[in-house]
Amino acid sequence: MSALGPAALAAEAAADRDRLYQAAKTDLQAGRPAQALEKLKQGLAQGVEDRELLWTYLLAVTVAYDSMGQPKHVLEAMQRFEQALEAEEIPVPPAWRGRLGGMNQRAAELEATVLESHGSVHVASTPGQALVRVDGAPAGVDGTIRTPFTVYLSPGRHVLRLELHGYVASEDVIDVGLGVRERVHPELARLESPPSLVAASIEATEPVTLKSLRAGDEGARHAWLKPLW
């Protein structure tokens, strides 16, 4: 039996990722978000090349986390979804672009809840698009988040590491306060420069309370989350 060629292998892999998504969709419709999330993460780990299938995967991840009542992960999934849309060099279809507007209101509601037990760190870098690691593990729903990105961390000390090809990795120890928003913006040094880490600037803001974020219309809570199936 002859081995499959590159094109056939790629087609087989794409079909497998589509099957995973369809199985995850069935789980979501049946009220099994944890099982759906496992399949969605498996598909994302394999790499989803088709842009609209990737967007659909990420939207489904957001739905799964929301169904599980995990607002911290919903916020991170929203950002990952937005990053995937913004990465496109060609226009994004209006049906997808319109979902971002609905996320803003929902994100404010979720952040108010998350900051009752966490702090937030908005991570940027110069240059941008650095991979974010927190306490040694890739951050985000599929481990591919790039700066700028906001992570939500439990109060206490955390190690934040930024990695970008061609640049010296930046690593900082940060103290996260309950309900406090912080900003970290290291300037990454090129590898041609002496191998020293560049200190990050950290700016803390006032603690955030529920009243500081405007609550939205609860009736519209899931309007933007409606899946495409």
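The buried residues of H5 are Trp96, Arg99, Leu100, Met103, Arg106, Ala108, Glu109, Leu110, Glu111, Ala112 and Val114. This is a predicted model. Start with that helix.

H5 covers residues 94-114. Met103 is one of the buried residues of the helix.

Now look at the spacing of the buried set. An α-helix has 3.6 residues a turn, so residues three or four places apart point the same way. Trp96, Arg99, Leu100, Met103 and Arg106 are among the buried residues of H5.

What do the buried residues pack against? Two partners are helices: H3 (51-67) and H4 (71-86). The others are strands: E1 (119-123), E4 (149-153) and E7 (180-184).

Take the pairing with H3. Two packed helices are described by the angle between their axes and the distance between the axes. The axes of H3 and H5 come within 13 Å and cross at roughly 25°. Angles under 35 degrees count as roughly parallel, so H3 is roughly parallel to H5. The crossing of H3 past H5 is left-handed. From H3, the contact uses Glu52, Trp55, Thr56, Leu59 and Asp66. From H5, it uses Trp96, Arg99 and Arg106. Those H5 residues also belong to the buried set.

Next, the loops. Most residues other than glycine have a negative phi, and most peptide bonds are trans. Where are the exceptions?

The loop between E1 and strand E2 (131-134) holds proline 127. A cis peptide bond joins threonine 126 to this proline, with omega about -5°. Glutamine 129 is found in the loop between E1 and E2 as well. Its phi is positive, near 70°, and the residue is not a glycine.

Move on to the loop between E2 and E3, the place of aspartate 135. Aspartate 135 is not a glycine, yet its phi is positive, about 55°. Is aspartate 135 buried, exposed or partly exposed? Its relative accessible area is 44%, so it is partly exposed.

A cis bond also runs from threonine 147 to proline 148, with omega near 0°. Proline 148 sits in the loop between strand E3 (137-138) and E4.

Methods: Residues numbered from 1 in each chain as written. Predicted model: local features only at pLDDT ≥ 70, side-chain atom pairs only at ≥ 80, totals over all residues. Heavy atoms only, no water. Helix = DSSP H or I, 4+ residues; strand = E, 2+ residues; numbered from the N terminus. Expected span 1.5 Å × (residues − 1). Buried < 20%, exposed > 50% of the residue type's maximum accessible area, 1.4 Å probe, protein only. Contact = heavy atoms within 4.5 Å. Axes fitted to C-alpha atoms, helices over the stretch in contact; angles between N-to-C directions. Parallel < 35°, antiparallel > 145°, perpendicular 65-115°, else oblique. Left-handed = near helix turned anticlockwise from the far one by under 90°.
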